[in-house]
Amino acid sequence: MNTLLLFLRTAVAACMGLLVWVLARDLFANGENPIAVTLPVWMSGLAGGVVSALFSPRHGIALAFTTGVILAVLFLAFRHIYLGLPLRANTLLTLWPMWFPVAYYLGAYGYLRLLQRLYRG
């Protein structure tokens with residue numbers, strides 16, 4: 001039962017992150033500069049990290065980081081293996097999905113720190 005619950009929590013956090021990523025990507029669809037590429041990743045990671053920490057404060061950070069790694073691997077596999085897109089000269093634009101684990105982690109960590117401050121004071 002715990003495994004199923006962890007799988008469902010990971011799926012919900014990933015879907016939340018993907019929804020925010022799609023909305024933010026459409027909002028910043030003005031070209032391929034580093035800000036337009038990485039800002040949607042950070043926005044979706046922070047939102048997905050908060051959702052991960054909402055489910056379980058004890059396991060939220062690990063769940064968030066795992067979800068970020070899964071999304072990064074899936075995005076990179078889809079882009080470079082399935083679609084066959086080559087690596088470009090600008091590594092930041094090519095490997096932008098690698099920011100998912102960091103953004104998810106910081107989203108969960110920031111939310112838990114906020115909860116600590118609210119309940120201590």
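This is a predicted model: local features need pLDDT of at least 70, side-chain atom pairs count only at pLDDT 80 or more; totals for chains, interfaces and linings use all residues.
1. Overall fold. The protein chain has five helices and zero strands. Read from the N terminus, its elements run α-α-α-α-α. Along the principal axes, the C-alpha atoms fill a box of roughly 50 × 35 × 20 Å.

2. Of the 121 residues, 36% count as buried. Take the contacts between residues at least 6 apart in sequence: 70% of these join residues at least 24 apart.

3. Helix H1. This helix covers residues 2-27. Its 26 residues should span 38 Å at 1.5 Å a residue, and the end C-alpha atoms are 37 Å apart, so the two values agree. The buried residues in H1 are Arg9, Thr10, Ala13, Ala14, Gly17, Val20, Trp21 and Ala24. They pack against helix H2 (34-55), helix H3 (60-82) and helix H5 (100-120).

4. Threonine 3 is found in helix H1. Its relative accessible area is 64%; the cut-off for exposed is over 50%, so threonine 3 is exposed. Valine 69 lies 66 residues from threonine 3 in sequence, and their C-alpha atoms are 18 Å apart in space.

5. Helix H2, threonine 38. This residue has its place in helix H2. Threonine 38 counts as buried because its relative accessibility is 13%, and the cut-off is under 20%. Neighbours within four places in sequence aside, threonine 38 is in contact with Leu92 and Trp99.

6. Helix H2, serine 44. Serine 44 also lies in helix H2. Its relative accessibility is 0%, so serine 44 counts as buried. Leaving aside neighbours within four places in sequence, serine 44 touches Gly17, Val20, Trp21, Phe100 and Tyr104. Gly17, Val20 and Trp21 are among the buried residues of H1. Phe100 and Tyr104 are among those of H5. Phenylalanine 7 is 37 residues from serine 44 in sequence, with 19 Å between the two C-alpha atoms.

7. Helix H3. Its 23 residues should span 33 Å at 1.5 Å a residue; the end C-alpha atoms are 31 Å apart, which agrees. Buried in H3 are Gly60, Leu63, Ala64, Thr67, Gly68, Leu71, Ala72, Phe75, Leu76 and Arg79. These residues pack against H1, H2, helix H4 (91-94) and H5. Arg79 is worth a look as a charged residue on the buried list.

8. Leucine 74 lies in helix H3. At 51% relative accessibility, leucine 74 counts as exposed, the cut-off being over 50%. Proline 86 is twelve residues from leucine 74 along the chain, and their C-alpha atoms are separated by 16 Å. Just after H3, glycine 84 takes a positive phi of about 70°.

9. Helix H5. H5 has 21 residues. From its first C-alpha to its last, H5 reaches 30 Å, close to the 30 Å expected at 1.5 Å a residue.

10. The largest pocket. Its space is about 290 Å³. The elements that give two or more residues to its lining are H1, H2 and H3. H2 supplies the largest share, three residues. In total, 14 residues line the pocket. Nearest its centre lie Arg25, Glu32, Ala36, Val37 and Trp96. By class, the lining has nine nonpolar, one polar and four charged residues.

11. What to check by eye. Which helices do the buried residues of H1 pack against? They pack against H2, H3 and H5. The buried residues of H3 pack against H1, H2, H4 and H5.

Key
Residues are numbered from 1 along each chain as its sequence is written. Side-chain values use heavy atoms; hydrogens and water are left out. Helices (H or I, at least four residues) and strands (E, at least two) are DSSP runs, numbered from the N terminus. The expected span of a helix is 1.5 Å times one less than its number of residues. Buried means under 20% relative accessible area, exposed over 50%, partly exposed in between (1.4 Å probe, protein chains only). Contact means heavy atoms within 4.5 Å. On a 1 Å grid over the protein atoms alone, a cavity is a set of points where a 1.4 Å probe fits but cannot get out, and a pocket is an open set with protein on both sides within 12 Å along at least five of seven lines; lining residues have an atom within 4 Å of a point. Grid points are joined across faces, edges and corners, and a volume is the space filled by probe spheres set on the points.
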